[in-house]
Amino acid sequence: MQSVLIYGRFLTRALINGVYNYSSSTEAAVNRKRERDFRLLAVACGFPKVSSHFSALLNRGRYGDDASFFARYKTADVLGVADGVGGWRNYGIDPSRFSCTLMETCERLVVSGRFNPRNPGHLIAASYYELKENKEQILGSSTACVVVLNRTDQMLYTANIGDSGFLVMRNGQVVHRSEEQQHYFNTPFQLSLAPANITGLVHSDR
(Lines give C-alpha, C1' and ligand atoms only; values in the text may rest on other atoms or scores of the structure.)
Protein backbone atom coordinates (compact mmCIF):
# COMPACT_ATOMS: atom_id res chain seq x y z
CA MET A 1 0.00 0.00 0.00
CA GLN A 2 2.80 2.34 0.83
CA SER A 3 4.55 1.75 -2.47
CA VAL A 4 1.30 2.36 -4.34
CA LEU A 5 0.79 5.54 -2.35
CA ILE A 6 4.30 6.73 -3.16
CA TYR A 7 3.79 5.82 -6.79
CA GLY A 8 0.54 7.74 -6.67
CA ARG A 9 2.35 10.76 -5.31
CA PHE A 10 4.97 10.54 -8.04
CA LEU A 11 2.23 10.23 -10.65
CA THR A 12 0.37 13.18 -9.19
CA ARG A 13 3.53 15.25 -9.11
CA ALA A 14 4.32 14.29 -12.69
CA LEU A 15 0.84 15.25 -13.82
CA ILE A 16 0.94 18.54 -11.92
CA ASN A 17 4.41 19.37 -13.25
CA GLY A 18 3.31 18.46 -16.76
CA VAL A 19 0.26 20.72 -16.57
CA TYR A 20 2.33 23.50 -14.98
CA ASN A 21 5.07 23.26 -17.60
CA TYR A 22 2.49 23.21 -20.39
CA SER A 23 0.72 26.20 -18.87
CA SER A 24 4.00 28.09 -18.42
CA SER A 25 5.17 27.40 -21.96
CA THR A 26 1.77 28.41 -23.36
CA GLU A 27 1.79 31.64 -21.34
CA ALA A 28 5.35 32.40 -22.46
CA ALA A 29 4.36 31.85 -26.10
CA VAL A 30 1.39 34.21 -25.70
CA ASN A 31 3.63 36.85 -24.10
CA ARG A 32 6.15 36.55 -26.93
CA LYS A 33 3.35 37.01 -29.46
CA ARG A 34 2.11 40.08 -27.58
CA GLU A 35 5.61 41.53 -27.59
CA ARG A 36 5.80 41.04 -31.35
CA ASP A 37 2.34 42.48 -32.03
CA PHE A 38 2.63 45.44 -29.65
CA ARG A 39 4.88 48.12 -31.16
CA LEU A 40 5.28 51.87 -31.25
CA LEU A 41 5.10 53.31 -34.76
CA ALA A 42 6.72 56.72 -35.01
CA VAL A 43 6.73 59.49 -37.60
CA ALA A 44 8.44 62.83 -37.04
CA CYS A 45 8.22 66.13 -38.89
CA GLY A 46 9.47 69.58 -37.96
CA PHE A 47 9.26 73.14 -39.24
CA PRO A 48 12.41 75.19 -38.51
CA LYS A 49 11.71 78.84 -37.70
CA VAL A 50 14.48 80.00 -40.02
CA SER A 51 13.09 78.15 -43.06
CA SER A 52 9.71 77.65 -44.69
CA HIS A 53 10.63 74.11 -45.76
CA PHE A 54 9.69 71.20 -43.56
CA SER A 55 12.32 68.78 -42.31
CA ALA A 56 11.63 65.03 -42.17
CA LEU A 57 13.11 62.27 -40.02
CA LEU A 58 15.59 61.56 -42.83
CA ASN A 59 17.50 64.61 -41.56
CA ARG A 60 18.67 62.56 -38.56
CA GLY A 61 16.04 64.05 -36.28
CA ARG A 62 17.10 67.67 -36.57
CA TYR A 63 14.56 70.44 -37.18
CA GLY A 64 16.18 73.85 -36.89
CA ASP A 65 16.90 74.31 -33.17
CA ASP A 66 14.91 71.21 -32.20
CA ALA A 67 15.64 67.49 -32.34
CA SER A 68 14.08 64.05 -31.96
CA PHE A 69 15.03 60.38 -31.96
CA PHE A 70 13.39 56.99 -32.22
CA ALA A 71 15.14 53.77 -31.24
CA ARG A 72 14.41 50.17 -30.28
CA TYR A 73 16.15 47.80 -27.91
CA LYS A 74 14.80 44.28 -27.45
CA THR A 75 11.23 44.82 -26.15
CA ALA A 76 11.42 48.60 -25.70
CA ASP A 77 10.45 51.28 -28.23
CA VAL A 78 11.71 54.75 -27.30
CA LEU A 79 10.76 58.15 -28.72
CA GLY A 80 12.14 61.51 -27.62
CA VAL A 81 11.99 65.20 -28.54
CA ALA A 82 14.00 68.23 -27.39
CA ASP A 83 13.04 71.86 -27.99
CA GLY A 84 16.20 73.97 -28.31
CA VAL A 85 16.26 77.59 -27.17
CA GLY A 86 16.85 79.97 -30.07
CA GLY A 87 17.78 82.83 -27.73
CA TRP A 88 21.28 81.40 -27.36
CA ARG A 89 22.14 82.89 -30.75
CA ASN A 90 22.34 86.25 -28.98
CA TYR A 91 25.38 84.87 -27.15
CA GLY A 92 27.02 83.37 -30.23
CA ILE A 93 25.89 79.82 -29.40
CA ASP A 94 24.29 77.42 -31.89
CA PRO A 95 20.97 76.46 -30.17
CA SER A 96 20.60 73.24 -32.15
CA ARG A 97 23.82 71.71 -30.89
CA PHE A 98 22.58 71.10 -27.35
CA SER A 99 19.20 69.62 -28.31
CA CYS A 100 20.63 67.44 -31.09
CA THR A 101 23.47 66.11 -28.96
CA LEU A 102 21.06 65.38 -26.11
CA MET A 103 18.79 63.32 -28.35
CA GLU A 104 21.71 61.59 -30.09
CA THR A 105 23.06 60.60 -26.67
CA CYS A 106 19.65 59.26 -25.62
CA GLU A 107 19.49 57.23 -28.82
CA ARG A 108 22.98 55.81 -28.31
CA LEU A 109 22.19 54.76 -24.73
CA VAL A 110 18.99 53.05 -25.87
CA VAL A 111 20.59 51.18 -28.76
CA SER A 112 23.39 49.97 -26.49
CA GLY A 113 20.90 48.84 -23.83
CA ARG A 114 22.25 51.21 -21.19
CA PHE A 115 18.87 52.33 -19.88
CA ASN A 116 15.90 51.17 -17.81
CA PRO A 117 12.72 50.89 -19.94
CA ARG A 118 10.65 51.70 -16.86
CA ASN A 119 12.58 54.89 -16.05
CA PRO A 120 12.85 57.32 -18.99
CA GLY A 121 13.72 60.12 -16.56
CA HIS A 122 16.99 58.36 -15.81
CA LEU A 123 17.69 58.16 -19.55
CA ILE A 124 17.32 61.93 -19.87
CA ALA A 125 19.49 62.50 -16.80
CA ALA A 126 22.22 60.13 -18.01
CA SER A 127 22.30 61.86 -21.40
CA TYR A 128 22.48 65.30 -19.80
CA TYR A 129 25.38 64.32 -17.55
CA GLU A 130 27.25 62.91 -20.55
CA LEU A 131 26.90 66.33 -22.19
CA LYS A 132 28.05 67.98 -18.99
CA GLU A 133 31.17 65.80 -18.81
CA ASN A 134 31.95 66.06 -22.53
CA LYS A 135 35.53 67.15 -23.21
CA GLU A 136 34.25 69.43 -25.95
CA GLN A 137 32.06 72.02 -24.25
CA ILE A 138 28.44 71.92 -25.44
CA LEU A 139 26.50 75.00 -24.35
CA GLY A 140 22.82 75.78 -24.63
CA SER A 141 19.57 74.41 -23.26
CA SER A 142 16.41 72.58 -24.23
CA THR A 143 13.28 71.00 -22.91
CA ALA A 144 13.03 67.21 -23.17
CA CYS A 145 10.31 64.60 -23.45
CA VAL A 146 10.90 60.84 -23.68
CA VAL A 147 8.27 58.12 -24.08
CA VAL A 148 9.04 54.41 -23.69
CA LEU A 149 6.72 51.61 -24.74
CA ASN A 150 7.79 48.56 -22.75
CA ARG A 151 6.31 45.62 -24.63
CA THR A 152 7.19 43.20 -21.84
CA ASP A 153 4.56 44.63 -19.47
CA GLN A 154 2.65 46.57 -22.18
CA MET A 155 3.07 49.83 -20.28
CA LEU A 156 3.91 53.33 -21.49
CA TYR A 157 6.51 55.15 -19.39
CA THR A 158 7.14 58.87 -19.81
CA ALA A 159 9.36 61.70 -18.60
CA ASN A 160 8.92 65.37 -19.45
CA ILE A 161 10.83 68.54 -18.64
CA GLY A 162 9.42 71.92 -19.65
CA ASP A 163 6.72 72.68 -22.19
CA SER A 164 7.39 69.86 -24.62
CA GLY A 165 4.92 67.07 -24.03
CA PHE A 166 2.80 64.18 -25.22
CA LEU A 167 -0.82 63.14 -25.66
CA VAL A 168 -2.31 59.67 -25.32
CA MET A 169 -5.34 59.32 -27.58
CA ARG A 170 -7.84 56.49 -27.80
CA ASN A 171 -10.70 56.38 -30.32
CA GLY A 172 -10.11 60.02 -31.19
CA GLN A 173 -10.24 61.16 -27.55
CA VAL A 174 -7.40 62.46 -25.37
CA VAL A 175 -7.20 60.11 -22.38
CA HIS A 176 -3.97 61.49 -20.91
CA ARG A 177 -1.64 64.40 -21.45
CA SER A 178 1.56 65.67 -19.89
CA GLU A 179 1.62 68.84 -17.81
CA GLU A 180 3.74 71.82 -18.78
CA GLN A 181 6.42 72.89 -16.31
CA GLN A 182 7.23 76.60 -16.34
CA HIS A 183 8.85 79.14 -14.06
CA TYR A 184 6.43 81.65 -15.59
CA PHE A 185 4.99 82.42 -19.04
CA ASN A 186 7.33 81.49 -21.89
CA THR A 187 10.02 80.38 -19.42
CA PRO A 188 9.79 76.58 -19.27
CA PHE A 189 11.96 74.31 -17.18
CA GLN A 190 15.00 73.26 -19.21
CA LEU A 191 18.18 71.27 -19.12
CA SER A 192 20.93 73.85 -19.47
CA LEU A 193 24.69 74.25 -19.75
CA ALA A 194 25.36 77.98 -19.67
CA PRO A 195 28.62 79.88 -20.17
CA ALA A 196 30.29 80.77 -16.88
CA ASN A 197 30.00 84.51 -17.53
CA ILE A 198 26.17 84.46 -17.63
CA THR A 199 25.26 81.80 -15.05
CA GLY A 200 23.73 84.53 -12.90
CA LEU A 201 21.17 85.22 -15.62
CA VAL A 202 20.01 81.60 -15.84
CA HIS A 203 17.33 80.06 -13.61
CA SER A 204 18.69 77.26 -11.45
CA ASP A 205 16.59 74.67 -9.61
CA ARG A 206 19.46 73.02 -7.77
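Y128 is buried, because its relative accessibility is 11%, where buried means under 20% relative accessible area, exposed over 50% and partly exposed in between, with a 1.4 Å probe and protein chains only. Y129, with a relative accessible area of 47%, is partly exposed. The model is predicted: local features need pLDDT of at least 70, side-chain atom pairs count only at pLDDT 80 or more, and totals for chains, interfaces and linings use all residues. Residues are numbered from 1 along each chain as its sequence is written, and side-chain values use heavy atoms, with hydrogens and water left out.

A pair of aromatic rings is described by the distance of the centres and the angle of the planes. Rings of Phe, Tyr and Trp (its six-membered ring) pair if their centres lie within 6.5 Å; planes under 30 degrees apart count as stacked, over 60 as edge-to-face and the rest as tilted. In one of them, the centres of the Y73 and F115 rings are 6.2 Å apart and the planes stand at 75 degrees, so the arrangement is edge-to-face. This pair links distant parts of the chain, 42 residues apart: Y73 belongs to strand 4 (residues 66–73), and F115 to the loop between helix 2 (95–111) and helix 3 (120–132). Helices (H or I, at least four residues) and strands (E, at least two) are DSSP runs, numbered from the N terminus. Y73 is partly exposed at 28% relative accessibility, whereas F115 is buried at 12%. The rings of Y128 and Y129 also form an edge-to-face pair, because their centres are 5.5 Å apart and their planes meet at 65 degrees.
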